[in-house]
Amino acid sequence: MAFIVSDETRDLIQSVQVFCEQKLKPVVADYDTSGEFPIKVYKDAMEMGLHCLEIPEAFGGLGLDNLSAAAILSKVGEYDAGFATGLSAISLALKPVLIAGTPEQKQLFADIVVPGNFAAFGLTEPNAGSDAGSVTTTAELDGDHYVINGRKTFITNGGVADVYVVFASVDKSKGLKGLSAFIVEKKTPGISVGKEENKMGIRLSNTTDVVFDNVVIPRANLLGKEGEGFKIAMMTLDLARPFVGAIACGIAQRAINECIAYMKERVQFGKPIAKLDVLRNKLADMEIKKEAAVAMVEHVFKMIDLGKRYSREAAIAKAFAGDTAVEVAMEAIQIHGGYGYSREYPVEKLLRDAKIFQIFEGTNEVQRVVIAGSLLA
């Protein structure tokens, strides 16, 4: 089952698939091995508008609805989850601007990104992952400007972004109530890129530290009001989680596709292994889990469209889809036998890529805290 989208979006997905077949698929293995950032392929994707799927048309973007954007990212994720993550991270940075930004702030963000540039979301720090209250980056008001100091870590697109949405405390004594959100342009003096992560998977994405040393930004770059940063961050992550789930569904779909092809061509005991019931049952279970994940992700977007609360459902979809991607990739390796453990076949990479989907945008343990809290409230 594919995501249920309009005919117009389906046509766009077909165009994206052609792009992935021609531009992305041939280079994935080389970039995965080297860890080099595939800037040329990203720029080609940007020419199609894949970096501004959700930016409203009034600001120069494609203005797609959430489900359509997620379906496109899921298709990209079938070919490479790291590349899909790099594109999705631009949308992640956009979400706080759409949630809390003024028309002028939205235009500022769009004017930077739409011409073909990257954006990044800066919340995580060395000692502040799941615990946003431990953020130590500060933003001190000085007249008509804020001065930002601190270090962010594990920032997707951190080394290539031209604009960041940064979360910093305007008053540490207030804890979470002092956290605020800011638009910060890369060209501002005092910003430097720290170490780049040598990651296990999603290696076609860029992940770095970003350092802010007396970075002076206009007061007008504050998103919402002082102290609303935690609320903005949580609303952003709630909305981002079904997108993460959609890319995880793409990984699972690719694993299933690889198994179908392999089971038809691999012969053992004088017949294709597709004839073996034990493997057919594995394949069926993989499909069941993937279909359930797709349905959960779609359900979240329906709730959003209906104006319903969806934090619990977003956590469920993200956790289930992330777990499913890992489980399905593991089974794909098992079906491939020894070849599945070799880089001659792509399924070992799918497992390396899938693992992060149990970790970022809130670990799946955190998602279960959210789900249980909702049930017990």
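How do the residues of the lining of the largest pocket divide into nonpolar, polar and charged?

Modeller: Happy to. Please keep in mind that this is a predicted model, in which local features need pLDDT of at least 70 and side-chain atom pairs count only at pLDDT 80 or more, while totals for chains, interfaces and linings use all residues. Residues are numbered from 1 along each chain as its sequence is written, and side-chain values use heavy atoms, with hydrogens and water left out.

The lining of the largest pocket divides into 22 nonpolar, 13 polar and 11 charged residues (Ala, Val, Leu, Ile, Met, Phe, Trp, Tyr, Cys and Pro count as nonpolar, Asp, Glu, Lys and Arg as charged, the others, Gly among them, as polar). In total 46 residues line the largest pocket, and Ile359, Phe360, Glu361, Gly362 and Thr363 lie nearest its centre. Its volume is about 1,300 Å³. (On a 1 Å grid over the protein atoms alone, a pocket is an open set of points with protein on both sides within 12 Å along at least five of seven lines, a cavity is a set where a 1.4 Å probe fits but cannot get out, and lining residues have an atom within 4 Å of a point; points are joined across faces, edges and corners, and a volume is the space filled by probe spheres set on them.)

Helix 7 gives the largest share, seven residues.

Let's stay with helix 7, where Thr236 has its place. Thr236 counts as buried because its relative accessibility is 0% (buried means under 20% relative accessible area, exposed over 50%, partly exposed in between, with a 1.4 Å probe and protein chains only). Leaving aside residues up to four places away in sequence, Thr236 touches Leu92, Lys95, Pro96, Ile99 and Phe121 (contact means heavy atoms within 4.5 Å). Thr236 and Phe121 are 115 residues apart in sequence, yet 10.0 Å apart in space, C-alpha to C-alpha. Lys95 also has its charged end over the ring of Phe243, 4.1 Å from the ring's centre (NZ of Lys or CZ of Arg must be within 6 Å of the centre and within 35 degrees of the ring normal).

The whole structure holds 12 aromatic pairs (ring centres of Phe, Tyr and Trp, its six-membered ring, within 6.5 Å; planes under 30 degrees apart are stacked, over 60 edge-to-face, the rest tilted). The rings of Tyr42 and Phe118 have centres 5.4 Å apart and planes at 70 degrees, so this pair is edge-to-face. Tyr42 lies in helix 3 (residues 39–47) and Phe118 in strand 1, so the pair ties together parts that are 76 residues apart in sequence. The buried residues of helix 3 pack against helix 1 (7–24), helix 5 and strand 1.

Finally, helix 5 (81–100) takes us to a cavity. A search of the whole structure finds one of 30 Å³ or more, lined by Ile55, Pro56, Phe59, Leu94, Val97, Leu98, Lys106, Phe109 and Ala110. Helix 5 and helix 6 (103–113) are the elements that give two or more residues to this lining, which has eight nonpolar, no polar and one charged residues.

Key
Helices (H or I, at least four residues) and strands (E, at least two) are DSSP runs, numbered from the N terminus.
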